[in-house]
Each structure stands twice: as structure tokens, then as C-alpha cells.
Amino acid sequence: MTISSSRTATHPQGSGDAVPGQFTLVLHSHLPWLANHGRWPVGEEWLYQSWAASYLLVFAMLRRLAADGFTDQLSLGITPVLAAQLDDPHCLRSMHEWLADWQLRAVAAADNPDIVRRELAAHEFRCAASALGDFERHWQHGASPLIRALADSGVVDILGGPLAHPFAPLLDPRLRRFSLAEGLADARSRWGAAPQGIWAPECAFTPGMESEYSAAGVRHFMVDGPALHGDTSLARPVGDSEVLAFGRDLTVSYQVWSPKSGYPGHSVYRDFHTYDHTTGFKMSRVTGKTVAAQNKKPYDPDRVAPVIDRHVDDFVEHVRARLISESERIGRPALVVAAFDTELFGHWWHEGPVWLEQVLRRLPEAGVRVGTMASAAADGLVGEPVSLTDSSWGSGKDWRVWNGPQVEHLVELNAEVVETALDTVDKLLDAESGRDRVADQIVRETLLTVSSDWPFMVSKDTAAEYAVRRAHTHAHATREIADAALRGRTEQAARLAASWNLADGLFADLDARRLRGDERA
């Protein structure tokens with residue numbers, strides 16, 4: 001019952017009639033800091049599910065493509081906060097245990113008189129065994145060695161981002177610049193080189209950020225299609241800078257991830273939302289979009305291969321047609337950028353990794369040139385400068401998800417905590433010229449407070465209670481440490497900072513002194 005496609009592997013050299021321009025796939029890999037903040041139903045379980053279902057499979061796919069001679073296959077965004085978890089000793093140990101438990105749960109689930117459920121349990125066992133083997137062979141030292149190897153192979157262009165994934169336009173500019181510079185430095189320390197491109201959290205932008213990008217050494221970044229008024233056919237320099245904005249082509253991207261007609265909603269694919277409460281496994285297929293959970297039919301992996309093949313062909317044809325039509329419209333080779341969350345492939349859409357690999361192998365066969373954001377820029381797929389306005393890739397393509405009425409309380413909380421943190425850090429650093437671990441932890445907890453994930457989860461009503469609790473937990477930590485420090489209770493402040501650091505000790509190189517504009521040590 002192993003999921004596969006009916007096609008055999010292809011090679012980088014294609015035989016189809018070449019079409020003009022380039023197709024670029026961009027993946028955004030991100031989860032908020034989950035370690036030591038709960039397990040089920042929201043918390044570390046979210047990390048381990050995404051790791052097992054998406055990151056293991058996507059990285060394995062990229063290794064296979066690299067081994068077969070493919071290069072410049074996609075731009076892979078990995079946020080610093082996710083990278084920290086994929087390298088964290090606690091997370092690595094717990095992930096290993098989680099995979100073993102997955103396999104044991106599958107063994108227990110196989111003890112069922114229903115033959116269909118036994119077969120589904122066997123499918124889970126094989127998936128768990130494969131994941132456990134892959135993790136033990138490749139991941140025991142964390143993600144950073146794998147990311148370095150993928151970058152060195154040339155199969156991907158790695159994108160970075162600011163620390164802790166803040167909604168940058170709403171952040172104090174001083175903390176915003178600090179977060180970006182530290183995020184790029186964190187990437188350099190993990191992967192050996194600072195990324196030239198970033199996926200700005202939520203594709204959020206406000207005028208002036210292009211100058212901050214330029215100063216930080218960022219050469220290109222993502223925006224959503226409407227930010228470029230729908231004309232995503234070329235990368236565009238922003239304002240007077242040389243920093244390029246790449247726009248997501250919604251026409252192509254929505255073929256995959258549309259709530260109304262995207263591929264993952266096909267009736268034979270595994271249903272994401274329906275759990276078997278006894279085993280914890282997803283044993284149903286989509287069946288129909290209006291079918292109640294209790295009426296959904298059992299999942300059958302043997303039924304999906306021909307559907308995957310049809311969806312691969314459909315997507316490839318859409319990419320070809322879009323490249324041809326856009327190139328004709330602008331009178332020169334055009335660019336088509338499809339962008340998705342990495343977690344879509346495997347975690348949300350069980351069959352997604354198989355589909356994705358087949359697409360990347362099929363596109364060259366069909367005459368489509370595949371490349372990264374960096375290769376598109378190097379090859380001159382660049383248009384005239386553009387003036388960008390406030391935008392994001394959220395609902396309405398504005399900022400309502402992160403500053404609308406539903407999350408006004410979080411906007412106010414963020415503003416208060418940032419003001420407290422910056423005021424306290426300034427006073428601490430005026431009095432102390434050396435490294436100050438108390439100031440460091442104040443900044444660390446502040447950045448975790450202002451993560452864009454918390455208002456998103458509230459606005460979308462996905463684990464909203466957890467999100468509010470997380471925001472207030474980090475806000476409380478910031479206030480508690482700052483209050484002790486400002487009252488001159490130096491030992492108490494140090495104890496509090498050390499205690500909070502046990503749970504939130506990510507970004508060990510974070511140095512609050514650099515908020516003053518000091519050079520990196």
C-alpha cells in the first residue's frame with residue numbers, strides 16, 4: 001500500500017518542446033517555537049508531525065534529485081526559529097522517541113478484526129519505519145548538516161528570515177532591523193553562509209523595508225501577487241534599491257492550494273481533518289467536501305497513483321501555458337513563481353511529496369526550464385522598478401489578520417512589551433559594557449511575544465487559546481525579568497533570565513548589545 005506514482009524517474013535533460021522563461025518553486029518552512037510549550041493537541045506534537053510528514057520527505061526528495069544531477073530546483077525558505085528546533089538536542093531526542101512511538105502505535109492498531117483497518121495500520125507501520133530509518137541515517141546531528149549539503153549540491157537556493165518570525169511592518173523599526181540582521185547571522189552560523197534571499201514573514205511589507213533589506217545584504221524577497229498588481233511575470237527592483245521583489249503567481253499557485261478546487265481536496269486523497277480517535281491515525285479519504293467525518297470512506301493508498309499522475313500533468317500543463325501566455329504578453333521570456341508552505345507537502349497533503357517530486361522531474365521533460373529566485377535574477381528575468389505599498393499574503397492581502405479587531409489586544413500587548421524591553425535594555429547596556437545575559441533574555445522573550453503566528457492563529461481560530469497563552473507567557477517573562485532588572489535586583493533578574501532560558505534558550509548567539517548598533521563580535 002505504499003504511495004507511489006506510476007511513472008518512472010526522469011532525468012534533467014528533457015525532450016519536450018522548450019517554452020520561454022523560467023518556472024520557480026518557492027517553499028516556506030516555518031513553525032513557531034514549540035519546544036517546552038505543551039505537547040498535545042498543540043505544542044511539540046505539531047513539530048514532530050510536520051517533521052515526520054514533510055521535512056523528512058522533502059529533504060529526501062531533494063537528495064534524490066541532487067543525486068540524479070538536478071540543480072536549481074527550488075528556493076527553500078527555512079526560518080531561524082524552525083532551524084533552531086531542527087537542531088535542538090531536546091527536539092532531536094524527542095523526535096526520535098516520537099517516531100518510535102508512531103511505529104508502536106501502528107503495531108497496536110494492526111490488532112483489529114477489521115481487515116481495512118489492519119491494512120491501514122500496516123501502511124502507517126511502513127511509513128513510520130521508513131521515517132525512523134531516514135531519521136537515524138540522516139538527522140541525528142540536526143538539520144544544519146543536511147541543509148549545507150543541499151546548498152552545496154546546487155539543488156536548492158536557501159532563503160532565510162528574521163528571528164522568531166515577527167510581522168515586520170508592525171514592529172518597532174529598531175527591533176525589526178535587529179531581528180533581520182540576527183536572523184541572517186544565525187543562518188550563517190548554522191549553514192556556513194548568509195542567505196542572499198529571504199521569505200519575509202507572512203510576505204509582509206511596508207515602504208522603507210527595502211532599504212533595510214539592502215543594508216542587511218538581502219538581494220531578493222517574496223511578496224504576494226497582488227503586491228505587484230498581479231503582474232508577477234518578472235522580478236522587480238523595489239524603489240531606488242537593487243533589492244528584487246518576486247511575486248507569487250496566484251493563477252498557478254492556486255491550482256494546488258485553493259480551498260475550492262486545489263488538488264489536495266480530491267476525493268481519494270487522505271483527509272487531513274478526520275482522526276481515528278482510538279489510534280490517532282488519519283484513516284479516511286476526503287470522499288467529498290460536504291461529507292461529514294463519520295461518513296467518510298476508508299483511505300486506500302492504492303487508489304491515489306493515477307490521480308497523482310493526472311494532477312502532475314495538469315500542473316505541468318498550467319505552468320507551460322502560463323509561461324507561454326505571459327512571455328507573449330510582455331514580449332520577452334517570463335517568470336512564473338509558485339509558492340507554498342513546505343508543510344503543505346506531507347503534513348497537510350499526505351500525497352504531496354510524491355506529487356512534488358514528479359512535477360519537478362516532469363517539467364524539464366515538458367520543455368520547462370526550472371530555476372531558483374537567485375538563478376532568475378542572475379539570468380536577467382528582471383523588470384522595471386516598482387513602488388510597493390503595504391501588503392501581505394494574508395486575507396485581503398493587507399494586514400487585517402495581524403492588526404484587525406480580533407487581535408487588537410495582541411497588537412497592544414506587543415507594543416507595550418517592545419517598549420518595556422527596549423527601555424530596559426537601553427538602561428542595562430548603559431550601565432554594563434560587556435555581554436548581559438539578562439538583556440539577551442529580555443530581547444529573546446520579546447521576539448517570541450511578537451511572533452506573527454499568535455495573531456494569525458487567533459484570527460483564523462486555529463488553536464486560538466494556545467496562541468493567546470503563548471503570547472502572554474512570553475510577555476510575562478519579558479516583564480518579570482525587566483522589572484527585577486530595573487529595580488536593581490540584579491541576582492533575581494539573573495535567576496529569572498536563566499530560568500526562562502531553560503525553556504526558551506534558542507538563538508544562543510543573540511546579543512542585545514547589537515541593538516545599540518554595535519558591530520558583531
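This is a predicted model: local features need pLDDT of at least 70, side-chain atom pairs count only at pLDDT 80 or more; totals for chains, interfaces and linings use all residues.
Local features need pLDDT of at least 70, side-chain atom pairs count only at pLDDT 80 or more, and totals for chains, interfaces and linings use all residues. Residues are numbered from 1 along each chain as its sequence is written, and side-chain values use heavy atoms, with hydrogens and water left out.

**Annotated domain**
- An unreviewed UniProt entry places "domain: Glycoside hydrolase family 57 N-terminal" at residues 24-372; such annotations may be inferred rather than shown by experiment.
- Over residues 24-372 the chain is 46% helix and 11% strand (DSSP runs of H or I, at least four residues, and of E, at least two).
- The end C-alpha atoms of residues 24-372 are 5 Å apart.

**Glu202**
- Glu202 sits in the loop between strand E4 (197-198) and helix H7 (209-216).
- Glu202 is buried (under 20% relative accessible area, 1.4 Å probe, protein chains only).
- Glu202 has no salt bridge (a side-chain nitrogen of Lys or Arg within 4 Å of a carboxyl oxygen of Asp or Glu).
- The nearest side chain of opposite charge to Glu202 is Lys460, 9.6 Å away.
- Beyond neighbours within four places in sequence, Glu202 contacts (heavy atoms within 4.5 Å) His165, Phe167, Ser392, Trp393, Trp402 and Ser452.

**Aromatic pairs**
- The whole structure has 21 aromatic pairs (ring centres of Phe, Tyr and Trp, the latter by its six-membered ring, within 6.5 Å; planes under 30 degrees apart are stacked, over 60 edge-to-face, the rest tilted).
- Phe340 and Phe345 pair edge-to-face, at 5.7 Å centre to centre and 85° between the planes; both residues are buried.
- Trp349 and Trp355 have ring centres 5.4 Å apart and planes at 45°, so the pair is tilted.
- Trp349 is buried, with a relative accessible area of 1%, and Trp355 is buried, with a relative accessible area of 1%.
- Ring pairs link Phe23, Tyr263, Tyr269, Phe315, Phe340, Phe345, Trp349 and Trp355 into a cluster.

Key: Buried means under 20% relative accessible area, exposed over 50%, partly exposed in between (1.4 Å probe, protein chains only). Lys and Arg count as positive and Asp and Glu as negative; His and the chain ends are not counted.
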